[in-house]
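My notes follow in the order I took them.

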Amino acid sequence: MTGREGPGLLGALPLGRNLRDRRFQALAASLLLALLAMIVPPLPLTRSGVSVLAVVDITGSMNVRDYALDGRPASRLDLAKAALRTLIPELPCGSRLALALFTERRPFLLFAPIEVCADVAPLSGAIAAVDWRMAWEGDSRISAGLHRAIAMAGELDTDLLFVSDGQETPPLPATGIPPFEGKPGAVRGLILGTGGYGLSPIPKYNDRGRETGFYAETDVQQENRFGPPPADAESREGYNPRNAPFGGTVAKGEEHLSSVREAHLKALAAQTGLAYAHLDGPDGLRGPLLAAATPRPLPGQLDLRPFLGAGALALVLAVFLAGAFRARAIPFTASRTS
């Protein structure tokens with residue numbers, strides 16, 4: 001008998017029929033995948049991560065509610081915390097994050113950099129617990145705080161994420177931004193401007209932390225009268241070069257109202273070599289931060305066992321479902337032929 005006259009001796013045997021059976025082939029493949037899942041070691045790989053010191057401004061203007069979160073008015077501090085908590089699971093495993101608070105003129109380190117995947121729960125909990133009541137002084141000298149935050153990030157060997165609305169309290173003197181004593185660009189990172197672009201009132205609280213209204217013009221220092229007077233001092237009412245170099249009247253202004261001082265924050269970014277971005281919502285921080293931060297190689301492993309096991313299970317389920325479908329189709333065909 002020739003090959004054209006029949007399937008041959010091997011095809012006539014039960015083993016040959018099983019080898020051609022799709023179900024047998026699928027089960028054999030699933031067995032092979034299951035065996036590989038038990039013996040295949042993880043594959044070494046290298047990926048990029050970041051190491052970041054996040055410094056959060058907790059001064060009074062960060063309580064301004066000019067954002068919305070989950071359909072409700074939210075303060076700048078609330079949205080900054082939501083953005084940081086959203087950022088944590090978006091960073092590559094192996095990345096590290098440290099947290100510090102800023103008020104007065106310096107940052108205060110809460111904890112050194114820790115790994116974002118292994119310690120996601122304590123990281124998220126620590127950020128959620130940040131509160132404006134932790135502030136130890138009422139001033140907000142943004143320029144000095146940023147300069148010290150850069151120095152702190154350098155000591156920790158991290159990049160910097162500085163979160164602030166940029167409102168200086170008291171206002172900057174006529175001489176402008178204080179000089180930066182560090183090397184611009186030596187520490188990379190991002191200044192994240194928070195707050196709306198329109199002026200909003202600043203909530204006022206009593207000694208027990210209860211909101212009692214908003215700051216008025218007379219509650220807030222409207223001008224910094226330290227150092228040399230501004231260029232227009234001679235034209236002010238009551239000006240006296242010795243006794244009243246800033247004029248003889250009380251300064252008026254809008255320092256009791258607040259908006260993101262983007263021009264000031266961008267000037268600080270240019271001075272220090274940092275990047276700048278505006279916080280528009282709880283999402284979207286990952287892109288600007290990774291673009292500004294230093295990529296750091298992270299040794300890691302790719303464990304293939306879950307994928308191999310899932311493939312084996314999928315083949316077994318496919319065989320089971322195909323058999324069940326075939327068993328239901330045979331009686332239906334038999335009833336039609338009868």
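**Entry 1: D159.** I looked up D159 and found it in strand β7, residues 159-164. Helices (H or I, at least four residues) and strands (E, at least two) are DSSP runs, numbered from the N terminus. This is a predicted model, where local features need pLDDT of at least 70, side-chain atom pairs count only at pLDDT 80 or more, and totals for chains, interfaces and linings use all residues. Residues are numbered from 1 along each chain as its sequence is written, and side-chain values use heavy atoms, with hydrogens and water left out.

Is D159 buried or exposed? I noted a relative accessible area of 3%, so D159 is buried. Buried means under 20% relative accessible area, exposed over 50%, and partly exposed in between (1.4 Å probe, protein chains only).

I then followed the side chain of D159, which reaches the backbone nitrogen of T294 at 2.7 Å. I also listed contacts (heavy atoms within 4.5 Å). Leaving aside neighbours within four places in sequence, D159 touches S51, V52, L53, A153, R188, G189, A293, T294 and R296.

**Entry 2: helix α6.** What covers them?

Entry 3: D157 follows α6 and sits in the loop between α6 and β7. I noted a positive phi of about 60 degrees for D157, although it is not a glycine. E104 is not a glycine either, and its phi is positive at about 65 degrees. I placed E104 in the loop between β5 and β6. At 15% relative accessibility, E104 counts as buried.

Next I looked at P170, in the loop between β7 and β8. The peptide bond from T169 to P170 is cis, with omega near 0 degrees.

**Entry 4: the disulfide.** How many disulfides does the structure hold? I counted one. My cut-off was a pair of cysteine sulfur atoms within 2.5 Å. The bond joins C93 to C117, S to S 2.0 Å. The pair links distant parts of the chain, 24 residues apart: C93 is in the loop between α4 (76-87) and β5, and C117 is in the loop between β6 and α5 (120-128). The link of C93 and C117 is left-handed, with -90 degrees about the S-S bond. C93 is partly exposed at 34% relative accessibility, and C117 is partly exposed at 30%.

**Entry 5: helix α3.** I found A26, S30 and A37 buried in α3. They cover an arc of only 40 degrees around the axis, so they lie on the same side of α3. The arc is that of the directions from the helix axis to the C-beta atoms. On the other side of α3, I found L31, L32, M38 and I39 exposed.

**Entry 6: confidence.** Last, I checked pLDDT (the predictor's confidence in each residue, from 0 to 100). The chain mean is 88, and 90% of the residues reach 70 or more. Over residues 1-6, pLDDT stays under 50, and the model has zero contacts there beyond four places in sequence. Where pLDDT is low, the predicted coordinates should not be read in detail.

Technical notes: Polar contact = N/O pair within 3.5 Å; in protein donor to acceptor, adjacent residues only side chain to side chain.
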